Amino acid sequence: MKLLETELSGETAADVLKKHHAAPHTVYRVARMDAAAADTTTGRNVRTAHATVARALGCSVDTVRRARRVLRDLGFSVEVMRGRYMTTEEREAATREHGSRQRRFASTRCLTIPARCRAMHPYPCGVNSSGHSTSRRVPSTRLRAAGTSKDQPKSTPLTRRTPPLGVQKITARLVQRMPWLDRGRNGHLMGLSRGLVACGVTEEWTTQDLMNAVEADHQGLGLLSLPPDSQKNPRALLLHQIKRAITGQEPPARARQAAEDARRAARAAEVAQRAAEAKTKTAMPTWFRAELAKAQEASSAIRSTC
């Protein structure tokens, strides 16, 4: 919010505000409402409708819509799922669940920090829990008596490998299908990406391939799908199911690529065969063409006489 307040008073936001006919203080108030509705650890899952924010702030729906467009263009908000009208079954389920006459799903947004503003953040990687750093100088008894000390050798910090970009995209699509994977108590999505890599998931897999593999594994074992709320750690259960389903199996993308290569090879062989047949065909002799032309003229003359 500090960065957004600074950005709204700069020259970059002036053109965007003018384009959408929005005031800086209104955009800031809408952003505060979105921040209050977002996850405190990741800034995700902002699902408040325009009308809900408008009633809370005492303004019109169009004002909220223009303010959110400003946040989008400035890079402080990203729409990950567009809102839509509910089906009849979804409306009936919503009525049974909380007794409201809901007609639409609100868009899902995520609050972000633009790349141009990250360098301005005072703590881009967070802050330490302790206010002071501990000393690395640990003098021994003999050296302390001599008034000297030695530095303790520095240990190499442990680093975690970043999962491949393709696996991160698979994780994002899994979260879109199963939003309960992105709960704060389950940790950050990068941990889920590392869990998929540990299960053997590579960039050759797709989200649908993983879901099909888990479903086929359940049908083969005669298992039933359990609701996430019935499990203490549903994310760990899903990773276990994915690992059991894909162990010893090749990604379906390889089979699809092999089939596509076979079709291309068959097509190329067919084209080559046609070209070879065209080369072996002999041209029609001249005398045969002349006789054929005379026969056609005679038949046309007979038709005209009749």
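**Helix packing, loops and surface of the protein chain**

The axes of helix α9 (residues 165-177) and helix α11 (residues 207-221) come within 9 Å of each other and cross at roughly 60°. The two helices, α9 and α11, are therefore oblique to each other. On the α9 side, the contact is made by I170, R173, L174 and R177. On the α11 side, T207, Q208, L210 and M211 take part. These values, like those below, come from a predicted model.

The protein chain as a whole has 14 helices and four strands. It holds 306 residues, and 25% of them count as buried. Contacts between residues at least 6 apart in sequence were also examined. Of these, 68% join residues at least 24 apart. The accessible surface of the protein chain comes to about 22,000 Å². Carbon and sulfur atoms account for 54% of that surface.

The relative accessibility of E7 is 9%. Buried means under 20%, so E7 counts as buried. Residues up to four places away in sequence are left aside in listing its contacts. E7 then touches T12, A13, L74, F76, R116 and C117.

Most residues other than glycine have a negative phi. H21 has a positive phi, near 55°, and is not a glycine. N45 is likewise a residue other than glycine with a positive phi, near 60°. H21 sits in the loop between α2 (11-20) and α3 (24-37). N45 is found in the loop between α3 and α4 (50-57). Their surroundings were then considered. H21 is exposed, because its relative accessible area is 64% and the cut-off for exposed is over 50%. N45 has a relative accessibility of 19%. That value falls under the 20% limit, so N45 counts as buried.

The surface also carries a nonpolar patch of about 430 Å². It is made by M284, W287, F288 and L292. Of these residues, M284 was placed in the fold. M284 lies in the loop between α13 (252-280) and α14 (286-305). Its relative accessible area is 40%, so M284 is partly exposed.

How values were computed: Residues are numbered from 1 along each chain as its sequence is written. This is a predicted model: local features need pLDDT of at least 70, side-chain atom pairs count only at pLDDT 80 or more; totals for chains, interfaces and linings use all residues. Side-chain values use heavy atoms; hydrogens and water are left out. Patches are made of residues with over 30% relative accessible area and no salt bridge: like charges are joined within 9 Å, nonpolar side chains (Val, Leu, Ile, Met, Phe, Trp, Tyr) within 5 Å. Accessible areas come from the Shrake-Rupley method with a 1.4 Å probe; for residues, only the protein chains shown count as cover. A salt bridge is a side-chain nitrogen of Lys or Arg within 4 Å of a carboxyl oxygen of Asp or Glu. Buried means under 20% relative accessible area, exposed over 50%, partly exposed in between (1.4 Å probe, protein chains only). Contact means heavy atoms within 4.5 Å. Axes are lines fitted to C-alpha atoms, for helices over the stretch in contact, and angles run from 0 to 180 degrees between N-to-C directions. Angles under 35 degrees count as roughly parallel, over 145 as roughly antiparallel, 65 to 115 as roughly perpendicular and the rest as oblique.
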